[in-house]
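User: Please consider the structure shown below and answer a series of questions about it.

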Amino acid sequence: MVTPRVGMVGGGQLARMTYQAAIPFGVTLRVLAERADDGAALVGGDVEIGSHTDLEALRRFASGCDVVTFDHELAPPELLTQLEAEGHVLRPSPAAMRFAQDKLWQRDRFGALGLPVPAHARVATVEEVEAFARANGGWPTVMKAARGGYDGRGVWAVRSPEEAAAVLAEGARGGLTLFAEATVDLEREVAVLIARRPGGQSVVYPVVETVQENGMCRELVAPAPIDPVVAAHARNIAERISDAIDVTGIMAVELFVARGGVVLVNEIATRPHNSGHHTIEGCVTSQFENHLRGVLDWPLGSTAAMAPAVVTVNVVGGPSGGDPRANLPAALAIPGVHVHLYGKGPRPGRKLGHVTALGADAGEVRERADRAAAILVGEPA
Ligand SMILES: Nc1ncnc2c1ncn2[C@@H]1O[C@H](COP(=O)(O)OP(=O)(O)OP(=O)(O)O)[C@@H](O)[C@H]1O
Ligand SMILES: [Mg+2]
């Protein structure tokens, strides 16, 4: 085989955008998608339909690939460990992925490594949540599911013992492990992406601000408008984590910048991530290309910015149900905006795509990206 075959478990928009990075290299990307209408399955040339929770499906898929990587972290850890034991090359390894699969485990391990994390404790009763809140700044306190959360699902800000009881009941119904976490007085949220090869060589992207709305990332601003000392510290944390967990490919580290400039680790993802979509046009090498380079153990590409200001706005389904596919020509009338649609039908609160704009001035760039995103969902400001 002259060109390697990379397998990606999961057929969402991340796999869809990884295809775009694989094509110029002539790398064969195979995707294991759950459904034929998953974002990547709609556009990919080499798609297998199967479940990431089915060992047989994973085994069959992996045996046709030189290296297996991931569009999400939902495959059960024990199945991934089994595949690795059978000799399949998984990048990142199941051991590295575990950090992204279990927030409580991640918090505990990062704390033990001396990394700054918010105060937290596993909770199973209202009394435990009350005691935690009392000792850690009072209400509201944050409650989180250790596993399975995304886009703010699995995260609750609770303001009273009664609200904590409701979350505990919901957790018990879903069989969830829950933990409580101190509410951080946020100045802003940022993310650091890092790409790493199996031998440890890595490249770090400039720090990007992630603006959240209802627990979901709404907007990225690069570079993050923060003190260079804070930015250097954030990048250093990402490097320490990537070495500690021995990750390969892209890793995203979500960080809290608390008032006063204190940096805390929120969570990591061991794959391309929503906080790196601006890198497609905004950096010399996109996160998707560097993910492929990293998992193939090829030289990593430059992370330098392509413009003084880069803004990415997520296209999120609105109440009117406007369909970005229908509104695309109107959005494209705005000069210089790069539109990415994920092939999904519109639903309120669903991430349907993103828009990136580049330029000299962050305010002007944001205005253009915002306007295009609003037009796409049929709700121009
Ligand atoms: N301890 C905290 N203090 C203040 N805000 C918090 C805290 N924990 C979470 N949040 C807010 O909730 C958002 C979502 O939390 P978190 O990143 O844990 O959830 P998620 O659903 O896994 O995220 P993602 O959107 O990255 O999938 C954070 O980005 C932040 O805005
Ligand atoms: Mg998050």
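User: How far does a backbone N or O atom of Gly152 lie from an oxygen atom of ligand 1?

Analyst: This is a predicted model, in which local features need pLDDT of at least 70 and side-chain atom pairs count only at pLDDT 80 or more, while totals for chains, interfaces and linings use all residues. Residues are numbered from 1 along each chain as its sequence is written, chains are lettered from A and ligands numbered from 1 in the order in which they are written, and side-chain values use heavy atoms, with hydrogens and water left out. A polar contact is a pair of N or O atoms within 3.5 Å; within protein, one must be able to donate a hydrogen and the other to accept it, and residues adjacent in sequence count only if both atoms are side-chain atoms. The contact of a backbone N or O atom of Gly152 with an oxygen atom of ligand 1 has a distance of 2.6 Å.

User: What share of the accessible area that ligand 1 has on its own does the protein cover?

Analyst: Side chains also make polar contacts with the ligand: a polar atom of Glu181 lies 2.7 Å from a nitrogen atom of ligand 1, and a polar atom of the Glu254 side chain lies 2.7 Å from an oxygen atom of ligand 1. Of the 610 Å² of accessible area that ligand 1 has on its own, the protein covers 88%. Such areas come from the Shrake-Rupley method with a 1.4 Å probe, and for residues only the protein chains shown count as cover. The share asked for is therefore 88%.

User: Which residues around ligand 1 come nearest?

Analyst: A residue is near a molecule or strand if one of its heavy atoms lies within 4 Å of it. By class, the shell around ligand 1 has seven nonpolar residues (Ala, Val, Leu, Ile, Met, Phe, Trp, Tyr, Cys and Pro), eight charged (Asp, Glu, Lys and Arg) and six polar (the others, Gly among them). Of the 21 residues around ligand 1, those that come nearest are Gly152, Glu181, Glu189, Glu254 and Glu267.

User: Between which domains does ligand 1 lie?

Analyst: The domain assignment, with bounds from an automatic or database source, gives domain 1 (5-90), domain 2 (119-181) and domain 3 (186-376). Strands S6 (141-145), S9 (186-196), S13 (249-258) and S14 (262-269) each supply at least two residues of the shell around ligand 1; strands (E, at least two residues) and helices (H or I, at least four) are DSSP runs numbered from the N terminus. Because both give residues to this shell, ligand 1 lies between domain 2 and domain 3.

User: Is Arg197 buried or exposed?

Analyst: Arg197 is in the loop between S9 and strand S10 (202-204), and its side chain reaches the backbone oxygen of Asp297 at 2.8 Å. Buried means under 20% relative accessible area, exposed over 50%, and partly exposed in between (1.4 Å probe, protein chains only). With a relative accessible area of 17%, Arg197 is therefore buried.

User: What is the phi of Asn214 near?

Analyst: Most residues other than glycine have a negative phi. Asn214 lies in the loop between S11 (208-213) and S12 (216-222), and at 76% relative accessibility Asn214 counts as exposed. Its phi is positive, near 50°.

User: How many residues of helix H1 are buried?

Analyst: Helix H1 (residues 13-22) is mostly covered. Among its buried residues are Leu14, Met17 and Tyr19.
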